[in-house]
Amino acid sequence: MELIAELVPAGSRVLDLGCGNGELLAHLRDHRQCSGYGIEIDDANVLACEQRGVNVVQLNLEEGLALFEDRSFDVVLQLDTLQHLRNTEKMLSETARVGRIGIVSFPNFAHWPNRLHVVGGRMPVTRVLPYEWYDTPNIRVGTYADFEVLARRDGLRILDSFGIQNGAVVRRWPNLLASVAVFKFERS
Amino acid sequence: MTTLGDVQPQSMHFAEPLPLKSGAELRDYTLVYETYGTLAADRRNAVLVCHALNASHHAAGTYGGDPKSEGWWDNLIGPGKPLDTRRFFVISVNNLGSCFGSTGPMHANPDPAAGGRRYGADFPVVTVEDWVDAQARLIDALGIDELAAVLGGSLGGMQALAWALRYPTRLRHCIAVATAPNLSAQNIAFNEVARRAIVTDPDFHGGHFYEHSVVPKRGLRVARMIGHITYLSDDAMEAKFGRDRQAAALGYTTQDIEFQIEGYLRYQGDKFSEYFDANTYLLITRALDYFDPAFAHGGDLAATFAPASAKFLLISFTTDWRFAPARSREIVKALVDNRLEVSYAEIAAPHGHDAFLLDDARYHGVLRARFERIAAEIRNGK
């Protein structure tokens with residue numbers, strides 16, 4: 001969380017898509033003087049946000065971000081959310097529309113243990129990807145390298161990117177060595 | 001089950017005329033209200049609760065130990081409840097034009113030309129904004145500058161929103177449940193059917209039925225029946241009644257009750273016509289129709305909310321088709337556009353509009369969390 005928080009400029013107006021229990025937004029508010037809103041679909045998470053005093057709007061992200069005007073946020077976060085959405089590409093363009101900067105993180109399916117699973121003929125089941133293929137909420141399976149291709153295709157300029165493995169930043173061969181991919185981008 | 005125990009309504013008389021949105025004025029009036037809990041020495045723990053169409057100042061507690069007299073929002077208000085009266089001083093005001101004690105059409109018209117007659121149809125048309133202005137005067141008289149929160153559902157939610165727009169510095173939190181920025185054409189249409197049922201009842205006498213010692217009960221019954229249908233979801237009605245029959249065998253009658261839903265609606269209509277005032281029903285449905293704060297801003301809801309500064313909580317219910325979630329989202333958007341603090345919960349409750357009066361755990365959980373936050377802010381001197 002700290003690694004992501006450091007990517008967010010102090011004082012930013014933040015929209016956190018799939019904000020979970022509001023922990024990151026509360027951290028950004030308390031330590032980086034940020035303001036903004038979280039979007040959540042889950043009742044228990046909405047309650048947790050309310051208990052933290054974090055602004056939360058209960059919405060289904062699949063319905064888009066019609067609630068928010070163009071460039072109305074400094075930063076739009078989409079952490080560990082992208083892979084759950086059917087309209088991945090649409091959400092990415094919505095992220096770039098609403099925010100000056102987008103930050104996404106998602107499980108990197110090209111992390112080497114995952115590759116070994118696939119070479120062995122099975123879909124990966126790991127700490128970061130604990131689900132079986134038939135019950136996984138991760139309906140979009142992508143890699144660090146795949147995102148670079150998609151970003152180029154959709155006219156997103158990558159400002160920074162790295163992998164995260166065991167809580168540490170991975171900048172060398174992140175597509176192979178990191179279980180989580182992080183990208184910071186803007187609309188070019 | 002009430003935990004507040006017996007409560008006492010109070011009343012306050014106001015001799016200074018209240019200018020109304022219509023241009024008329026109410027020259028002299030009384031507000032009936034109840035309070036629960038204790039006003040703190042710093043007077044920062046006051047919460048105003050606004051009532052909806054057919055409710056009153058009696059939001060919580062009982063009268064004379066009678067469990068049947070429990071207030072309409074007793075599941076929410078009381079010691080240990082989401083709006084905890086051990087922490088908050090809760091004020092619930094009966095609105096002008098009502099039939100539960102505050103000045104209304106059944107009271108004597110002070111205009112000398114009226115010759116001591118009751119107002120009847122001559123009671124001035126009151127709006128949500130007028131109610132809020134009257135509530136503000138009561139709050140003044142209670143010595144409260146700033147409310148910790150204003151809370152309301154449905155028409156009460158409109159009052160909470162109006163507070164945030166008219167008195168932005170006098171409330172810290174605005175909590176609006178199952179409400180809308182204005183009524184849709186369909187909503188106005190339902191209200192109009194109800195009003196026509198009342199007005200065309202031969203016992204209505206142009207609104208001066210008091211002098212004829214009759215009550216337009218037929219009209220009131222039909223008005224309540226149509227209203228009641230719109231407060232329930234299709235699913236809730238199906239689950240509760242389905243096609244259940246009154247008797248095992250059909251009677252092949254066009255006028256007697258064949259299905260239980262008919263009996264239920266007639267019962268609700270009968271009950272309502274015994275206690276509700278026909279002129280009040282007309283006035284309150286009109287107040288709903290007229291509420292449209294964005295009209296003065298060319299329909300721009302974002303511009304409308306520019307003066308607001310409260311922290312907002314909006315709640316809607318997925319099966320509420322009378323005040324649908326999409327209407328609450330319009331308000332959320334306007335608040336976000338103004339960079340105001342807002343949270344919005346969309347509760348997947350099956351009950352339709354009536355859900356705002358029920359004690360769904362998710363709904364009350366969010367309200368409890370908000371009031372705990374407000375209490376913490378008071379403790380921390382924020």
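Q: In E9(B), which residue is the bridge partner of Cys50(B)?
A: In this predicted model, strand E5 (residues 46-50) of chain B pairs with strand E9 (residues 147-153) of chain B in the parallel sense, over 4 bridges. Within E9(B), the residue bridged to Cys50(B) is Gly152(B).

Q: Which residue of E8(B) is the bridge partner of Val47(B)?
A: E5(B) is also joined by 4 bridges to strand E8 (residues 89-93) of chain B, and these two strands run parallel. The partner of Val47(B) in E8(B) is Val90(B).

Q: Are the residues of strand E5 of chain B buried or exposed?
A: On one side of E5(B) lie Ala46(B), Leu48(B) and Cys50(B), and on the other Val47(B) and Val49(B), with both faces covered. Buried here means under 20% relative accessible area. The strand is largely enclosed by the rest of the structure, because 5 of its 5 residues are buried.

Q: In E8(A), which residue stands opposite Ser161(A)?
A: In chain A, strand E6 (residues 156-165) is joined to E8(A) by 8 bridges, and the two run antiparallel. Opposite Ser161(A), E8(A) places Phe183(A).

Q: What is the bridge partner of Gly102(A) in E8(A)?
A: Strand E5 (residues 99-107) of chain A and strand E8 (residues 180-187) of chain A run antiparallel and are joined by 6 bridges. In E8(A), Gly102(A) has as its bridge partner Phe185(A).

Q: In which helix of chain B is the place of Glu238(B)?
A: Glu238(B) forms a negative surface patch together with Asp234(B), Asp235(B) and Asp244(B). The helix of chain B that holds Glu238(B) spans residues 234-240 and is H5.

Note on methods:
Residues numbered from 1 in each chain as written. Chains lettered and ligands numbered in written order. Predicted model: local features only at pLDDT ≥ 70, side-chain atom pairs only at ≥ 80, totals over all residues. Heavy atoms only, no water. Patch = residues over 30% accessible without salt bridge, like charges linked within 9 Å, V, L, I, M, F, W, Y side chains within 5 Å. Areas by Shrake-Rupley, 256 points an atom, 1.4 Å probe, with all protein chains shown as cover. Salt bridge = Lys/Arg side-chain N within 4 Å of Asp/Glu carboxyl O. Lys, Arg positive; Asp, Glu negative; His and termini not counted. Charge placed at Lys NZ, Arg CZ, Asp CG, Glu CD. Buried < 20%, exposed > 50% of the residue type's maximum accessible area, 1.4 Å probe, protein only. Pairing = 2+ DSSP bridges.
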